[in-house]
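I opened the model and kept notes on what I looked up, one topic at a time.

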Amino acid sequence: MDASLEKIADPTLAEMGKNLKEAVKMLEDSQRRTEEENGKKLISGDIPGPLQGSGQDMVSILQLVQNLMHGDEDEEPQSPRIQNIGEQGHMALLGHSLGAYISTLDKEKLRKLTTRILSDTTLWLCRIFRYENGCAYFHEEEREGLAKICRLAIHSRYEDFVVDGFNVLYNKKPVIYLSAAARPGLGQYLCNQDVAFLEKLIKDDIERGRLPLLLVANAGTAAVGHTDKIGRLKELCEQYGIWLHVEGVNLATLALGYVSSSVLAAAKCDSMTMTPGPWLGLPAVPAVTLYKHDDPALTLVAGLTSNKPTDKLRALPLWLSLQYLGLDGFVERIKHACQLSQRLQESLKKVNYIKILVEDELSSPVVVFRFFQELPGSDPVFKAVPVPNMTPSGVGRERHSCDALNRWVRMAVTPLSFQVPVHHHPTCW
């Protein structure tokens with residue numbers, strides 16, 4: 001057994017750590033053997049069969065998992081690769097196994113331990129991201145936090161909602177405003193960079209008997225690298241009693257010593273959703289929604305808090321990972337990502353046919369660019385080598401080729417995680 005694990009008094013914890021290391025090593029070793037056997041088909045047991053009566057050992061089960069992870073025998077081998085998650089990744093994975101073990105403790109010990117884990121993680125995140133006196137909700141699905149915030153905003157603004165349910169919304173329909181840069185599918189109304197236009201939109205909704213409820217702003221969307229004017233939006237929300245929620249990859253820069261004023265304003269919002277797993281390259285780490293609210297009864301009804309100790313254990317993988325990295329390691333990873341993005345942006349500026357689309361975001365971990373050529377009817381703003389006279393069908397083929405190249409570039413760069421967070425923009429809008 002590992003010498004460091006021998007120091008652990010609890011034999012179950014020691015065995016758990018040992019088994020996790022052995023399982024990951026076994027899968028990685030099997031992956032290397034697969035790559036060495038380039039061209040051979042993988043034997044897959046994905047065809048359902050009877051459960052064996054005598055059972056199987058851990059090695060056989062992990063081998064089956066390995067085979068299932070790498071396709072089936074009817075497909076050409078794709079040379080898939082298991083991501084090298086490193087020691088810090090092991091800590092995050094250990095959190096899930098450890099959570100199952102902790103749940104077997106007696107109720108009082110479980111309550112104290114889970115409360116400590118939740119309190120520690122909440123305190124650390126609020127201090128790292130300059131979010132004073134905040135609470136935290138940990139969730140697997142990134143959009144789940146915003147859904148809970150919507151419920152909290154509805155309960156806060158509609159006093160009879162608990163009794164009458166959605167019937168109270170008919171007389172005064174709630175309105176949710178989204179940034180035009182937001183990912184699709186979050187709501188029905190859009191707000192754009194023109195804050196004056198947004199204010200007019202809010203006034204019109206009030207005159208029509210609607211209730212402005214929630215505004216979702218963006219701080220560095222992955223699709224377009226855009227940060228809204230959060231400071232001005234906060235003023236507008238305070239004026240009209242609207243809940244302000246912020247999300248986006250640039251929120252990670254709140255942990256740095258220097259933060260742009262547009263992102264720094266997010267620290268004063270009512271809630272924000274962050275994804276530390278992708279930011280730090282950690283597997284199986286939950287997303288986090290930080291929020292501020294004074295009524296614990298409403299947060300409980302909205303689902304942001306829970307009395308179940310097992311729900312509090314969602315924070316365990318992040319609790320372990322933060323302690324492993326430490327504050328300095330956490331900040332250094334984000335700083336390194338921003339530096340890599342800036343170096344990438346400077347390099348891309350020197351490449352012909354590449355246009356940097358967002359250059360006004362300082363210390364942003366997002367680089368947005370596209371491949372382009374100047375075609376008949378294209379945007380004259382983009383300067384490029386002129387293309388010979390072409391038929392309409394030829395122009396269409398060229399546009400299709402440009403889009404295909406952009407898609408290829410996206411496929412080539414996006415799997416590199418937060419360390420090189422590059423995103424493309426389509427040629428045709």
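I count a residue as buried when its relative accessible area is under 20%, and as exposed when that value is over 50%. The model is predicted, and I read every entry below with that in mind.

Cysteines. Cysteine 269 has a relative accessible area of 1%, so I list it as buried. Cysteine 338, at 5% relative accessibility, also counts as buried. I searched the whole structure for disulfides and got zero.

Strands. I looked next at β4, residues 211-218. Eight of its eight residues are buried, so the strand is largely enclosed by the rest of the structure. Strand β2 (residues 174-179) runs parallel to β4, with five bridges joining the two. In that pairing I found valine 175 opposite proline 212 of β4. Strand β5 (residues 243-247) is also parallel to β4 and is joined to it by five bridges. There, valine 216 has histidine 245 of β5 as its bridge partner.

Helix α5. Just after α5, arginine 130 has a positive phi of about 60 degrees.

Salt bridges. My search of the whole structure returned 11. One of them joins the side chains of glutamate 199 and arginine 232, at 3.8 Å from N to O. Glutamate 199 is in helix α9 (residues 195-207) and arginine 232 in helix α10 (residues 230-240), so the pair ties together parts 33 residues apart in sequence. Glutamate 199 counts as buried at 16% relative accessibility, whereas arginine 232 counts as partly exposed at 32%. Aspartate 204 and lysine 200 form another salt bridge, at 3.2 Å from N to O. Both lie in α9, four residues apart, about one turn of the helix. I also noted arginine 314 with aspartate 311, at 4.0 Å from N to O. Salt bridges with shared partners link Glu199, Arg232 and Glu235 in one network.

Surface. Which residues form a nonpolar patch with about 290 Å² of accessible area together? I found Val162, Val163 and Val301. Valine 163 lies in helix α7, residues 161-164, and at 70% relative accessibility it counts as exposed.

Key. Residues are numbered from 1 along each chain as its sequence is written. This is a predicted model: local features need pLDDT of at least 70, side-chain atom pairs count only at pLDDT 80 or more; totals for chains, interfaces and linings use all residues. Side-chain values use heavy atoms; hydrogens and water are left out. Buried means under 20% relative accessible area, exposed over 50%, partly exposed in between (1.4 Å probe, protein chains only). Two strands pair if DSSP finds at least two bridges between them. A disulfide is a pair of cysteine sulfur atoms within 2.5 Å. Patches are made of residues with over 30% relative accessible area and no salt bridge: like charges are joined within 9 Å, nonpolar side chains (Val, Leu, Ile, Met, Phe, Trp, Tyr) within 5 Å. Accessible areas come from the Shrake-Rupley method with a 1.4 Å probe; for residues, only the protein chains shown count as cover.
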